[in-house]
Amino acid sequence: MKKKLSTIFAVTGLLMFSNACTDLKEKVLDETLTAKLSEEETVNGLLAPTYALLPNLFQHTTYFALQEISTDEAILPYRGGTDWGDNGIYIALHGHNTTSTDPNVNNTWNQLVQSISRCITAIEGLKSATSPNTALYTAEARGMRAYYNMVMLDLFGIAFVKDDPGTTSKIIRGDEAVKYIESEFLAVEPVLQPKSVVGPGRLNQAAVWSLLARLNLNAAVYRNIYGATFDFKAEDMDKVIQYTDKVINSGQAKLSADYFAIFGNSNHTNEEIIFAVDQRAELNGHNRMAYFSISGDQFPLAEFPAANGTDGPGITSDFYQTWVQAYGAVDPSRDPRFYQQNMSIYSNAADTCVADADYKINRGILRGQQYGALRVNGAFLRCPDGKLKVGKLSYVTRNRADLPVSFSEMIDFTTAGSNYNTGYRVEKYEFSNKSNTGRNRGEADIVIARLADIYLMRAEAKLRKSNDAAGALADVNLVRASRTKTLAPPALTTMNLDLLFRERGFEFYWEMLRRPDMIRFGKYEGKWTEKTNTDVKKRIFPIPQTAIDGASNLPGYLKQNDGY
Amino acid sequence: MRNTSTLSVRTGIIRNCLMQVTAVCGLHAIAAAAIPVPEGQPRKHVETSMNKLQEVTLTGKVTTEGSSEGLPGVTVVISDVSGNNKQGATTNESGSFSFANLQTGQRYNLEFSYIGFEKQSLKDFLLTESNASSIVVKLKEAASNLSEVVVVGYGSATKKDITGSVKSLKSAEFNQGIINSPEQLLQGKVSGVNITSATGEPGGKTNITVRGPGGVRTGSTPLFVVDGMALDNSGTGGDTNPLNFLNPQDIESIDVLKDASATAIYGARGANGVILITTKKGKSGTAQVTYSGSLGISNVARPLDVLSGPEFLAEATKLGATITDGKANTDWQKEIFRTATTHNHNVSVGGGSDKMTYYASFGAQKQQGILKNSQQNRYTGRMNLSQKLFDDRVTLDFNLNATNTKNQRPNIQGAIGSALTINPTYAPYDANGQIAQYQDFTNPLFTLQQYKEELTTNRVLASISPSVKIIDGLIYKLNFGIDNSTATQDKQLLPSTIPAEIGRLENYGLRNTNRLIENYLTYNLNTKMHSLTALLGHSYQRIFIQSRNFSINKFPISDIEPIYNPGLGQDLSLALNQPGGFATINELQSFFGRASYGFKDRYLLTATLRIDGSSKFGSNNKYGSFPSFSAGWRISEEPFMKSSPFSELKLRAGWGSTGNQEIPSKITQARFTSVVSGTASYPLDGGTTYPAGTTYTRLANPNIQWEVSKQTDLGLDFGLFKGALSGEIDYFRKVSEKMLLEVIPADPVQPAGTFWTNVPDMQIINQGLELDLNYRNTLENGLRYSLGGNITFIKNRVEHSPYTVIPSGSAQGSGLTSATINGYINGEAIGSFYLKEFIGFDEKGISKFRDVDGNGIVNDADRVVAGTALPTRMYNFNGNVSFKGFDLSANFNGVAGNKVYDNTANSNFYKLKLSKGVNVTPEALESPEESVNNSAGVSTRYLKSGAYLRLNNLVLGYNLNTAKLGISRWVQTARISVTGQNLALWTKYNGYDPEVNNDRSIAGITSYGIDYLSYPKAKTVIFSINLGF
């Protein structure tokens, strides 16, 4: 009996035991390596990620901050001692004192290296694809890898050469990097499609020509990043002229008669845009370009009383003065690029009631007292006829109803200069109509390259190559004269590098071109509001400390940039 | 002569104890005890039976040994020899008891039990007229814990035979008060164990580390094993403590395995210590029914001292601020906090026969939080059953625990942050009694009204463990358990017109199923010279976790809560409502063995080996071996020690290796997902549908393996003066290696930015000294007292990290974004504060910071290590006095050597804030030289001492004389008590509480010691009654 029992229990135990045996092979339930995608889904699935991080890269705190707040175009003080302190990183960025632990530098770097990697993954994956789009998609992925490397070279002074995902990237700098990026663009150029086929959101023929022009224009800087002067070679300038000519002659883009339409919510179809980040409110769009600068007490949308600005950066008074000096006795708003008034209350104080559909805040550079929808306890006031009530804004949300939302020219890091209302603000991009919080759901495409830049690059190459002031002046005035929706800016009569630099500021302010422009024109070591650092080593940013630490097991592989 | 059978006693009313039973009774008992007989078996009495039957009253007296003073409050239970017709009584102030209407010539069994004393029984007492008042029982104080049974994992051992560092805590020693989860029962009670109950929220999380954190990531939590079932440490949904499913009143004992020689039996999960929880079991004999009920009244212990209305006006005016005077004087903290009540009811039944014992309980606790709208209701039911079969060769044990927890929480940080800063001259309600609305502030009452999170968790833990005695000494045991929890959480934001809010409902579902099958053999051999215990087993565990979440926006304003009708939502878009979720399976397979050998009861050796495999590890690293060795020498048993004052002196030494496999699943495999999301997809044409982007979610590391922790322990156990003074000293050194970390690859161009790896060479070293001391004494007059305490000195440091600094602890609050507070740096402790050093104000009253590198610019490069969040000293002391029916116990605990970062003050309390009409504490105004324009960046200015001493609990109890009250027929024992919880706190810290730890981790790197709008702790008074039937 006892023996039987033992046997029964032993057998039962063994059964349980065998039940429990396992090879410990991990079962993955929520991810796969073998998704059954159609050929089209497969290739689309490979190409889309190569572009997908662009909205993140073109954020207010990442690429925008690095390209603009480091220059005379934008400054972001510790607002009122309560906002945008961020451990001093914006103050450091403006004063060229950024450190390798700066989170925005790190975030920008991460978007770039990951995007480069996604391009490599796409190129590799497309090798076995049979879709008719394979060749085009491969060219786009390869071209985008070159583009991200070009941004990497511009910001950090290095580029990564990597074809086989299983190998370690080769890190290159200077001339080698310029040559590599150029050869990559040239390799894909014949395969790419015109903008009319793929749209401005993807790398197209005109886009790659634009980028080639930009690369060659800056090549002298990239080859000798810390140089006291740059050697703009004639052959480089010829290439700039060659590629800008190609864009202009291709007819793939046309100058926009309405300057601010280039930055409007429906700018995807604006003909001036050559290459842009295609933003969709329902997918990837952010509204940070429109949100960042305006006041937290500005509520630009009748539909969303929670959508506001944040009192971020303003323009420096130095930059403002370039407008003033250019226009002399005339107010700079004479220039249609400077300002667009959308609310009549600014000129007619009695217009205090606005239909919801007509309610739009002004665009361009905003100065002085701001008007807008009046918000009380989280809801907008209404006129008796149901229209939106607009009026003078004050800092209600900051518990300072006594302080008007009146932007001052003065902005700096002093207490007075750091108040919520200091600095003239920029509302270049239109505030997205779908942005319920003001932060996300952006609609406007973010411009990477547009035709005006092509003309101005050509003008610059003409000046730098042979001091062809007449040719340069013709290009600049062509762009000026094209803004015909309102009174176009007056034609200039002379042209030189300084005037061209000033013109680039007027045309491209806050379009993330200022830092390379200042370096190329030798202005980056100059002095402006709260910026005195003249160290040429600060032309490029530090490689993030985390990346340096991560590479510490390969001595000498990833070297920190000098001066950091 | 002693009857030395060991049994556990459940007194129900009086707290529970596991004691050795000795019967040393009065005249009669001595005669009776002459023939030792196994308990529970009837036997012949030596005395001849009496001739005449009549009713008499049996009286007797209980005293303590060495004193003639009667001992009041002793539970005396009388029954007939078959255990029926049970009656109970309690001794009165003079130690006497009585039972009326007993029959002479009948045989009775009597049992005497009292907390802190060895239980005694008087079996087969033949009542005669002459001996009806003859019983005098001398209760002996329970000897030192030498023979105490300690649960060691896959078995138990007596304390004297243990060679590792193990601390056993019985229910009588637990912390008292409102207890949410088992860790709180042992806070301060075990040296080397740091328990931080970081929040005063009902059901909130507790941080616990044994002998210091051994990892950088989150996952330094010890392994919890409940009745042999190893729990999964991941959460069970929401932000609540996953262990709050256990009813503290069901817990018999908690054993903490501290050193590697003890934890190695749990292999790859032992590195952070193991906590074994044993629930109560029934005892054969008559049924014991107990009821306990309590009412707790809680208030916020230390509200922050923000300015009152008049002070606010006066101070703001001094700063030249333009502020709105709302003409009221509102204490906003009073408005959002409340006097909270907690009801607790618990009924248990335990008992059984020879073959079968059972314990069943039902508990209900309704706990209000001191913040309005925060509440936790918990219902627990437990059934433990044990049945012996086939001549006791087979034992079947069943455990079943079912818990339903409902946790409700408001927007805690929103409400507290707003209450601390809102203008105190504003009134909370308008003239119509409605919640007032303000332009510049959100009324915290509105915040509380508009948002809630509701979490309902159902958790069932069931196990069956049959064991078979194959031959004498050899037992085979199967342990099969399942732990299943399902949780649903709703987060609801109501729509409103003012302020405009469209409303949102989020729903989260979590399922966690943990299945365990273990088979093991235990062999026991005991001879005069040798003792051997051997264990060999196999274990398989499978943990399945699934989470899903959905949301919907835009609800009409109505009295229907979105929770009850999500279909009312009108906006569902990919941008705002992308569903999410994940599912993982983790499997563990282990082979383990242990051998303990004792020679002459003096020389003890233990060796353990566990081979653990986990599906989380790569194929070339599937299995790891975790050995340990330890030895003990009971010096007190040596002949040369016979005349020493040491009743116990044991030297222990051990070394072992354990692992930590608490890393995310799937990291050995690169996988991709194909999804339409903002960061994976992109419009490839002008259309409005977007292709799914295929991206790698992570890099593979097929070589990943567990972290290894090697620990050396040297200990000394001692007992002096017959055990009156006892204690333990332990030195330990724990070195964690092969640190698992999510790192950035050398080549930054990778599909994912990081990958998991074992960082070579990096070490985290914890070393320290633990000291436990206990003393107890009884005075001639019957007053008994005990004093105890422990202290831990611990030092933690990171070594050989290839990283300059691993940042953690992201600061929160306006203007503080992107600043980090903690840093992991070589040579410094985990959780060190790495900050700019505040050195005062410049001539303009603006903050100055030390320019460490002297380059004229103060930035991140000028940060310094400014202290650690980990205490270097933890201590506890407690005292207990009892006299007549009364008992009083107090329990203090404290920490020292640590700092706390007051992020609440950093983001709210500075002069500039007041000048903007934001309320502050007087701390903000204490530097007259500070400019009203000075901003407050993250720096040592807000780093404060975190040392404290807390009167954790104070209990005053009285055991009623049920006989005297005439209720002893129905109620055998009755005890009333008042407990004060968190009655006093001594600290320099001026936030809500220095025991704080807001999770501000960055990329899974644990943050430490940060206080940001934490839920404050309560001061609670609890009135309890315990009845035994």
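**Figure 1. D601(B) is partly exposed, at a relative accessible area of 34%.** The classes used here are buried under 20% relative accessible area, exposed over 50% and partly exposed in between (1.4 Å probe, protein chains only). This is a predicted model in which local features need pLDDT of at least 70 and side-chain atom pairs pLDDT 80 or more, while totals for chains, interfaces and linings use all residues, and side-chain values use heavy atoms, without hydrogens or water. Residues are numbered from 1 along each chain as its sequence is written, with chains lettered from A and ligands numbered from 1 in the order written. D601(B) sits in the loop between β28 and β29 (603-614) of chain B. Helices (H or I, at least four residues) and strands (E, at least two) are DSSP runs numbered from the N terminus. The phi angle of D601(B) is near 60 degrees, a positive value in a residue other than glycine.

**Figure 2. D391(B) belongs to the loop between β22 (375-389) and β23 (394-409) of chain B.** Here, too, phi is positive in a residue other than glycine, near 55 degrees for D391(B). With a relative accessible area of 65%, D391(B) is exposed.

**Figure 3. Q541(B) is buried in chain B, with a relative accessible area of 0%.** You will find Q541(B) in strand β27 (residues 530-553). The side chains of Q541(B) and N514(B) are joined by a polar contact of 2.7 Å; such a contact is a pair of N or O atoms within 3.5 Å, within protein one able to donate a hydrogen and the other to accept it, with sequence neighbours counted only if both atoms are side-chain atoms. The Q541(B) side chain also reaches the backbone oxygen of A230(B), at 2.8 Å. Leaving out residues up to four places away in sequence, Q541(B) touches (heavy atoms within 4.5 Å) a set of residues including R269(B), R515(B), L516(B), N586(B), E587(B) and L588(B).

**Figure 4. Helix α14 of chain A holds R458(A), the partner of D475(A) in a salt bridge.** A salt bridge has a side-chain nitrogen of Lys or Arg within 4 Å of a carboxyl oxygen of Asp or Glu. In the R458(A)–D475(A) pair the closest N and O atoms are 2.8 Å apart. Still in helix α14, R464(A) and E460(A) lie four residues apart, about one turn of the helix, and their salt bridge has its closest N and O atoms 2.8 Å apart. R464(A) counts as buried at 16% relative accessibility, and E460(A) is buried at 0%.

**Figure 5. D325(B) and K327(B) meet through their side chains in a salt bridge of 3.6 Å, N to O.** K327(B) is exposed, with a relative accessible area of 73%, whereas D325(B) counts as partly exposed at 31%.

**Figure 6. K162(A) and D747(B) form a salt bridge between the two chains, 3.0 Å from N to O.** The rule finds two salt bridges across the interface of chain B and chain A. There are also 18 residue pairs in polar contact between the chains, both residues at pLDDT 80 or more. On the side of chain B that touches chain A, strand β28 (residues 580-599) gives the most, with seven residues. In total, 109 residues of chain B are in contact with 98 residues of chain A.
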